Amino acid sequence: MRKMTEVSTAELPANKPRYLMGVGTPLDIVESVARGVDMFDCVLPTRNARNGTLFTSQGRIAIKNRRYADDPDPLDPECRCYTCANFSRAYLRHLFVAREMTAKTLNTIHNLGFYLDLMRRLRSAIEEDRFPALRAELSEQLDNSSA
């Protein structure tokens, strides 16, 4: 995907928006921006949220895992979304395991907030001419591993 994105963006006019459909993980987005993509659409944050996989600054979290049953910490201590500000990992796990609809809603709020924050950070880094440094930082942070 990355190689084809690079090939494709090289053929597109530089003064026009470049759109990549159906991408993807946070790291895929960072790498696509590095190759000149401007806009994305993606079902991954909402689909993963409904299935209990959440994106955080420490990597992915599968909230259904037993290890979160008594975890009083917010989902992502670096996130300021409604979910992270108001609910613990233990409570989010409880809602998910109990199949409460609220779990899907709170998880979706978080994942969408995570993606929106990622895009804000990328945009600011480009405007401030510090994208390569942020890309390197995010490549380590968002290595698609589980937390």
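This is a predicted model: local features need pLDDT of at least 70, side-chain atom pairs count only at pLDDT 80 or more; totals for chains, interfaces and linings use all residues.
**Stop 1: the largest core.** Start by selecting I29, F40, L118, L122, L138 and L142. Within the largest nonpolar core, which has 19 residues, these six touch the most other members. Now colour α2 (26–34), α6 (101–127) and α7 (131–141), the elements that each supply two or more residues to this core. Helix α6 gives the most, with five residues.

**Stop 2: around L122.** Keep L122 on screen and show what surrounds it. Which residues is L122 in contact with, leaving aside neighbours within four places in sequence? Select I29, V30, V33, F131, L134 and L138, and you have them.

**Stop 3: the aromatic rings.** Searching the whole structure turns up five aromatic pairs. Begin with F55 and F114, a stacked pair at 6.3 Å centre to centre, with 25 degrees between the planes. F55 sits in strand β3 (residues 53–56) and F114 in helix α6, so this pair ties together parts 59 residues apart in sequence.

**Stop 4: F87 and Y91.** Finish with another pair. The ring centres of F87 and Y91 are 5.6 Å apart and their planes meet at 20 degrees, so the pair counts as stacked. Y91 is partly exposed, with 39% relative accessibility.

Terms used: Residues are numbered from 1 along each chain as its sequence is written. Side-chain values use heavy atoms; hydrogens and water are left out. A nonpolar core is a set of buried Ala, Val, Leu, Ile, Met, Phe, Trp, Tyr and Cys residues joined through side-chain atoms within 4.5 Å. Buried means under 20% relative accessible area, exposed over 50%, partly exposed in between (1.4 Å probe, protein chains only). Helices (H or I, at least four residues) and strands (E, at least two) are DSSP runs, numbered from the N terminus. Contact means heavy atoms within 4.5 Å. Rings of Phe, Tyr and Trp (its six-membered ring) pair if their centres lie within 6.5 Å; planes under 30 degrees apart count as stacked, over 60 as edge-to-face and the rest as tilted.
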